[in-house]
Amino acid sequence: MLLVHARTEAVLTLRNGEQVLLTLLIPLALLVGLSLLDVITMPAPRVDSVTPRVFALAIMSSAFTGQAIALGFDRRYGVLKRLAATALPRWLLVAGRVAAALAVVVVQLVVLGAVALALGWSPSAAGLGWTVLLVVLGTLTFGALGVLLGGALKAEVVLALANVIWFVLLLAGGIVLRVDALPGGMAAVVRLLPSGALTEGFTQALVDGVAPSWWVWVTLAVWGAVGGVVATRTTKLV
């Protein structure tokens, strides 16, 4: 049941033009733009610094924002109510959507990675294993938070709130600017956000070639666990 539900959700996401724009085209545009244009000060080669940030953005866009909006409108149009008439339990609904998000994220990162390589990206081989673990944990974390948001509020509220959160985290959540580049007080707050933790983890693994700091794993795990538990209990059918 989990595999069937996850496959269905993944196919529906990839067929949705708006979802593709959010999850792939925007991160792709930022990857190319920030790599080629000197908009933000970054060490050379710029693509090495940009790629980890775009990876984090892609995961957040797909697993959180896209997931929340899709779930909110599925509830509005009665999709979840119909699913409730089947043998699909609530926990499996959450797990299936998160698993579908992971499948979509894999497609995203393959495309983004190929473009980054064409732009001259040279990731650290020592950090590739850590990157895979971060992709899984980051997707699970943001997926749980996306289901939490999309399963509890009205579709119109979810649409507005999910996009606002996406924009705020992009600019001030440790993605455009690394945690180390932020003022002390703000850096401490951003370290507690899943966006800041995921971006820093990718940067440490792919640029520095080292294992991500312990706080990266703890931050993502806590957000994911809390989000998953609460989402399982609060997701509404309508």
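1. Apart from neighbours within four places in sequence, Thr65 is in contact (heavy atoms within 4.5 Å) with Leu22, Met60, Ala162, Asn163 and Trp166. Thr65 lies in helix α3; helices here are DSSP runs of H or I, at least four residues long, numbered from the N terminus. Thr65 counts as buried because its relative accessibility is 0%, where buried means under 20% relative accessible area, with a 1.4 Å probe and protein chains only.

2. The model is a predicted one, in which local features need pLDDT of at least 70 and side-chain atom pairs count only at pLDDT 80 or more, while totals for chains, interfaces and linings use all residues. Residues are numbered from 1 along each chain as its sequence is written, and side-chain values use heavy atoms, with hydrogens and water left out.

3. Gln108, in helix α5, is likewise buried, at 3% relative accessibility. Leaving aside neighbours within four places in sequence, Gln108 is in contact with Thr23, Leu24, Ala58 and Ser62.

4. Helix α5 covers residues 90-118, and its end C-alpha atoms are 43 Å apart; this agrees with the 42 Å that its 29 residues should span at 1.5 Å a residue. The expected span is 1.5 Å times one less than the number of residues. Just after α5, Gly120 takes a positive phi of about 105°.

5. How do α5 and α6 pack? Their axes are 9 Å apart and at an angle of about 130°, which means that α5 is oblique to α6. Axes are lines fitted to C-alpha atoms over the stretch in contact, and angles run from 0 to 180 degrees between N-to-C directions. Angles under 35 degrees count as roughly parallel, over 145 as roughly antiparallel, 65 to 115 as roughly perpendicular and the rest as oblique. Residues making the contact include Val98, Ala101 and Leu102 of α5 and Val136, Leu140 and Ala144 of α6.

6. Helix α6 (residues 128-150) also packs against α3, at an angle of about 25° and with the axes 8 Å apart; the two are therefore roughly parallel. Among the residues of this contact are Phe64, Leu71 and Arg75 of α3 and Phe142, Leu145 and Leu149 of α6.

7. One further point concerns the backbone. The peptide bond joining Ala44 and Pro45 is cis, with omega of about -10°. Pro45 is placed in the loop between α2 (17-36) and α3 (46-76).

Conventions: Buried < 20%, exposed > 50% of the residue type's maximum accessible area, 1.4 Å probe, protein only.
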